[in-house]
Amino acid sequence: MEEPGWLISYQWGEHPNEATIKEDLQQGYPLVIKNFPLSDEELQSFISRLGTALNERRNNNGKSVFDVTIVRHNNFFTSIANSNLAFPLHTDCADFDTIPNTIGLLCMEPDEEGQGTNTFMLLSSLLNHLTEDEKQKMLGKKWKFGNQLRSILSFEDGNYALCYDRITMESFSRLEVTEIDELNKLDKLFKSLSFEIKLEKGDLILFRNDLMLHGRDKIHTDSKRWIKRIRFDMK
Ligand SMILES: [Fe+2]
């Protein structure tokens with residue numbers, strides 16, 4: 001997998017105004033701002049100009065920034081986000097009542113060995129690949145994401161959106177063998193359409209949670225990789 005040539009990238013201080021950033025993101029591509037200040041306050045203040053951030057209890061001070069690092073308690077990782085595991089391509093918060101439509105990841109410290117590369121798959125790549133029949137099937141079939149019944153592909157106000165998180169789908173319901181087979185095929189397809197982006201220190205990557213899937217490769221259990229994550233709703 002190669003980093004795509006079309007990736008939009010700006011320098012902090014030379015980036016365009018919020019309206020342009022929003023427009024860029026609505027095209028369904030990720031956008032990188034390089035040399036972003038390494039602080040929760042700057043991140044929160046910048047994001048507040050783009051949309052409404054999601055405050056979660058487990059975040060820093062219960063606000064909107066979560067540190068994705070390796071954290072262990074009694075030899076167990078405190079959450080999947082705080083583990084060294086690979087995350088297959090997914091949508092964040094797929095089981096929430098309202099799914100935040102945008103995510104920001106600020107790289108505080110890349111992995112020393114260059115592991116933990118971020119991966120993405122664009123909805124537009126998927127739509128280009130699917131036949132009309134396959135689209136209809138994906139629009140029609142509902143899956144259980146916790147308490148939510150949702151289709152992987154949806155179509156509203158003339159726009160397609162994507163929602164997929166196999167870990168959530170498998171945690172809350174017993175799937176039929178044919179369904180597991182279906183998801184295996186989808187995972188394979190998503191992976192074949194995905195691309196990598198290696199974040200450097202100070203890179204803030206912004207991307208639409210409903211217009212692409214994201215994941216990351218495995219890291220070493222002692223990795224110092226440190227990413228600040230912020231989820232928000234951009235209108
Ligand atoms: Fe995620």
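I take helices (H or I, at least four residues) and strands (E, at least two) as DSSP runs, numbered from the N terminus. The model is predicted: local features need pLDDT of at least 70, side-chain atom pairs count only at pLDDT 80 or more, and totals for chains, interfaces and linings use all residues. Residues are numbered from 1 along each chain as its sequence is written, and side-chain values use heavy atoms, with hydrogens and water left out.

I counted as donors N, O and S atoms within 2.8 Å of the metal (3.2 Å for Na, K and Ca); water is not among the atoms, so the site may look incomplete. His 90 (NE2), Asp 92 (OD) and His 214 (NE2) coordinate the iron ion at 2.0 to 2.2 Å. His 90 lies in strand E7 (residues 87-90) and His 214 in strand E16 (residues 212-216), 124 residues apart. I find both His 90 and His 214 buried (under 20% relative accessible area, with exposed over 50% and partly exposed in between; 1.4 Å probe, protein chains only).

**Helix H1.** I list Ile 21, Asp 24 and Leu 25 as the buried residues of H1. Down the axis of H1 they fall within an arc of 95 degrees (directions from the axis to the C-beta atoms), so they line one face of the helix. Just after H1, I note that Gly 28 takes a positive phi of about 90 degrees.
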